[in-house]
Amino acid sequence: MSTAVDATHHDAHHDHKPSGIGRWLFTTNHKDIGTLYLWFSLIMFFVGGAMAMVIRAELFQPGLQLVEPHFFNQMTTVHGLVMIFGAVMPAFVGLANWMIPMMIGAPDMALPRMNNWSFWILPFAFCILLGSLFSAGGGPAFGWTAYAPLSTQYGGDSTAYFVFSVHIMGISSIMGAINVIVTVLNMRAPGMTLMKMPMFVWTWLITAFLLIAVMPVLAGAVTMLLTDTYFGTSFFDAAGGGDPVMYQHIFWFFGHPEVYIMILPSFGIVSAIIPAFARKKLFGYSSMVYATAAIALLSFLVWAHHMFTTGMPVFAELFFMYCTMIIAVPTGVKIFNWVATMWRGSLTFETPMLFALAFVILFTIGGFSGLMLAITPADFQYHDTYFVVAHFHYVLVTGAVFSIMAAAYYWLPKWSGYMYDTTLSKVHFWLSVISVNILFFPMHFAGLAGMPRRIPDYATQFADVNQITSIGGFAFGLSQLVFLWVVIKCAQKKGEKADSKPWEGAEGFEWSVPSPAPYHTFEKPPKVE
Amino acid sequence: MSEQHQNNSILVKRLLLTVAGMFAFGFALVPLYDVFCEVTGFNGRTSNEAATYEMVEIDESRTIRVQFLTRNAKGIPWKFESSVKEVRIHPGETKVVNFLAANPTQSDMVAQAIPSVAPAEASLYLNKVECFCFNQQPLTAGANTKMPMQFYVDPDIPDHITTFTLSYTLYDVTAQSSQSFKDEQKETE
Amino acid sequence: MKMKPLWTLLVMLSLPASAESQLNLTKGVTEVSNRVYDLHMTIFYICCVIGVVVFGLMFISMIRHRKSKNPKPANFHENVKVEIAWTIIPLLILVGMAIPATTTLIAMEDTSDADVTIQVTGSQWKWHYKYFENDVEFFSRLATQQEQINNKFDKSENYLLEVDRPLVIPTGQKVRFLVTSDDVIHSWWVPDFAIKKDANPGFINETWTKVDEPGVYRGQCAELCGKDHGFMPVVVIAKEPAEYEKWITEIEAEQEAARQREQELLSMEMSKDELMDLGEKVYNSTCAACHQPNGQGVNGVFPALAGSGVAVDPDGTSKHIDIVVNGVSGTAMQAFGEQLSMQELAAVITYERNAWGNDTGDLIQAADINEVMNQ
């Protein structure tokens, strides 16, 4: 080990990093691009979060106080789009860029120039989307799902802004996914067989295949919205022989795999962190791989569970209900495997582990409400209420976002070379985990009691629950400023210098290089045992 | 290293092909959906083509209640209604129902009626021999018309369907109409 | 663990104000809604049991297997038998859940042999009900005053859940609903009946209920349908069959009388003041939501009427009437010909042509509207 460190240390002196803005604009280095993605995602997290604050402020009490209903709808729509396509997905791509080459012992991503492009078109996509909020008529106000004919006939020009920005985001994701697949399949160090890859690499490989399978379908669906709006086609207009419900079928054919695109990499992160802090190998590695693949395949067969109330024949409702319920099995396998990994380990609770454990518990709660939503007769009551809002925020915030934070706290010393302020990070964890539950747990009650989602004002019986939710929301929003502070402090290289392997139980090639990871790593592939 | 590059570019090409294929698949879902609906009666739309009435045995043991709904979409001021609200019919028996349409405006218009059946499953067993919904319906200013619809219910209709509703929504398609008489009108003006 | 006291505190703080706040799904008032409730509770309890077991094991591990207590980790990392067990057992639990779910679903989708058929049509942002067996139809709009929404007045008991004309159905009879829409997708939802059905433009969906207890049942639109999605409630009154018959006969006679009265009023001229007074009232309740009370509209979404467009065009009178009566397809402008009386239409168009400094001086009478609608 020590010789490896010496050898790479020597390299570090010849890093040849270009300096100035050009370094970032023209970079083809996977670590630089990873850093760009991560900062971009953090910025978008706060932009989307600010919109969530507007929403929660308006919903703090019944009546209209701060914003008009039309603007409220723009906020819910753009909040969703920014968080999904701007915060969660780029964060995962950033992590993939930083970690995958180091984890498989490759010098860089396979297609570095495409990598540069896939990042640098993203800011344009979000300029279009966010800029539309300031245009006449405002931004998209038809929900992130953009159901026709609300989007085609009543969206005004916001539909065009929406479609173009989604196209660019889609192209960016597809390029990122192609890069991951080629890197993983072609650039592994000799001896690194597929079944020896870290779980994070596996989950990302499967995610990348999902991305190239469904992002083009989304592109097709929104293109049809565009032609329906501007070029007189009637894909989704009954007058010309189309069917508005068909949009929902096509959209959710993309949409459900998309949900797994946002959670599979999380599974990979948690499968790296729990063994590290339990000081015990991941339990049931191969079953984890198969379970991930099974979830990905099943995700193509369940889309219509988002559409039970659109009026489907019974046979279709039963088919989609059964398929959806079956997904609980591989998901359960994963959770049991994590618990078995912890079992009789030697656990310590550093910040990454705290986030990973919170992930397992809170994601499971989101899984339970998901199972309840799968039951078609009950879904008729839950559908389009705050119960659904609670469900997908449990899987996306305490699921995806918590795993991203766990990953950041786990690998931040490797990225910056300095240990972050651990006390402050634990403060961030406890503030987040408390406030996030005050924020999202009461939403279950609001939904069950009958509060529809996407409304700017509500009946007085929902007032108390919404007030608690809003307080939780403001607290969660403010808590994230602590995260920003920790990250900035660490990026400014304040604090203790980090060892090449700051976590006792961590495993993987990324810990064999010094911290911060040199600009170029594994130009000679490492030896795989 | 060059071998590596070659491998990479082969894989990239394949992946790009997959992407293009999936983009095309998104559009292919449109006709696939139509075929799927036609086979399963998924969305309750009836066939756009005339059925030929084959001599089928009339099942007098059963009577199906067929209700008619007529609706105007936004922006079309026509009067549009069926001459009867509902009929009771034996499976296998043919029936003609007249629909009345009137254009009270001062301009010539073209309308298209869009059928829908509830429960959707019943659309599989509703056979229309003749229907005004197969074509766009032009109506000159102030004119009115009687539009016949001849249909029969397939005797294979399952026992649990005792009532179904056939609705027509009338849309103004003057602007998009292929059989527009706008041009003629301009000449006379 | 730290979160518990805080959580309890928050819930406690809010409790006194909300003694009647409902936290669980409603049981509802129909056989179907009761079955759905039972199904919901069954799955909920199953999830709770699984949760207690899984989280329990996690917490035991966190306490007993921490480094200070267990410095040397075990090194097992595979066990096929255990893996098979935790695949098979959840599968069996799921089958157990699927059986009642399937039977309930099949019962819910059986729309045959209905006694009453009602057509439910959603449009931005109100519901329209039409009784198939009777000559009765009406719109049902939000009845909450704008001042309550804008916090100028205190909020009433059924704030946002009250309508001007509720739907009335008979108890003990099977009522079938044919659900459709005039513009975008809406969703007709009454939690007490466990009914939620999307209203798709150009298509009809069906659902049904059989209510045993007379009462007032409230719901809302459940599918985002534009700006005022949050302001289109559903109110259903279930009446004993005899009372229902009485109600429907009365309303049928009333609607017939209204039609006749309208015909009689056609010949009557209204003065400018009368037209403007009535017009302002109609405008504020029907048009102001989009075109704004000051006629300025919303830039890029809803066109302004004050000082621009057809409302100030001296030759635009007939065009103006056409737009208001028949709507504009492909936009949010609805056809108000069916929704307002001819007097109201005449008044609101007069108002739009003379308010906010438009001052065209045009007076529109019911007869003018009649000419456009019926020649």
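Predicted model: local features only at pLDDT ≥ 70, side-chain atom pairs only at ≥ 80, totals over all residues.
Biologist: What are the ground rules for numbering and confidence?

Modeller: Residues are numbered from 1 along each chain as its sequence is written, and chains are lettered from A and ligands numbered from 1 in the order in which they are written. Side-chain values use heavy atoms, with hydrogens and water left out, while local features need pLDDT of at least 70, side-chain atom pairs count only at pLDDT 80 or more, and totals for chains, interfaces and linings use all residues.

Biologist: How much area do domain 1 and domain 2 of chain A bury between them?

Modeller: Buried area is the accessible area (1.4 Å probe) that two parts lose on being put together, summed over both. Of the area here, 78% is on carbon and sulfur atoms. A:R56, A:F60 and A:M199 supply 16% of what domain 1 of chain A buries against domain 2 of chain A, more than any other three residues. The total for the two domains is about 4300 Å².

Biologist: How many residues of chain C are in contact with chain A, and how do they divide by type?

Modeller: On the two sides, 100 residues of chain C are in contact with 103 residues of chain A. Ala, Val, Leu, Ile, Met, Phe, Trp, Tyr, Cys and Pro count as nonpolar, Asp, Glu, Lys and Arg as charged, and the others, Gly among them, as polar. Chain C and chain A bury about 8800 Å², 70% of it on carbon and sulfur atoms. The side of chain C that touches chain A divides into 53 nonpolar, 31 polar and 16 charged residues.

Biologist: Which residues form the salt bridge between chain C and chain A?

Modeller: The rule finds one salt bridge across this interface.

Biologist: Which element gives the largest share of the side of chain C that touches chain B?

Modeller: The contact takes 33 residues from chain C and 32 residues from chain B, and about 2400 Å² is buried, of which carbon and sulfur atoms give 47%. Two salt bridges are counted between the chains, one of them joining B:R71 and C:D182 (2.4 Å, N to O). On the side of chain C, β1 (116-123), β5 (175-181) and α9 (366-374) each supply at least two residues. The largest share, four residues, comes from β5(C).

Biologist: How much area do domain 1 and domain 2 of chain C bury between them?

Modeller: Chain C is assigned domain 1 (23-108), domain 2 (116-262) and domain 3 (267-374). The centres of domain 1 and domain 2 of chain C, taken over C-alpha atoms, are 39 Å apart. Nine residues of domain 1 of chain C are in contact with 11 residues of domain 2 of chain C. The area buried, with 59% on carbon and sulfur atoms, is about 740 Å².

Biologist: Is the disulfide of B:C131 and B:C133 right-handed or left-handed?

Modeller: One disulfide (a pair of cysteine sulfur atoms within 2.5 Å) is counted over all chains. This disulfide joins B:C131 to B:C133, with S to S at 2.5 Å. The torsion about the S-S bond of B:C131 and B:C133 is about 130°, so the disulfide is right-handed.

Technical notes. Contact = heavy atoms within 4.5 Å. Salt bridge = Lys/Arg side-chain N within 4 Å of Asp/Glu carboxyl O. Domains from an automatic or database assignment.
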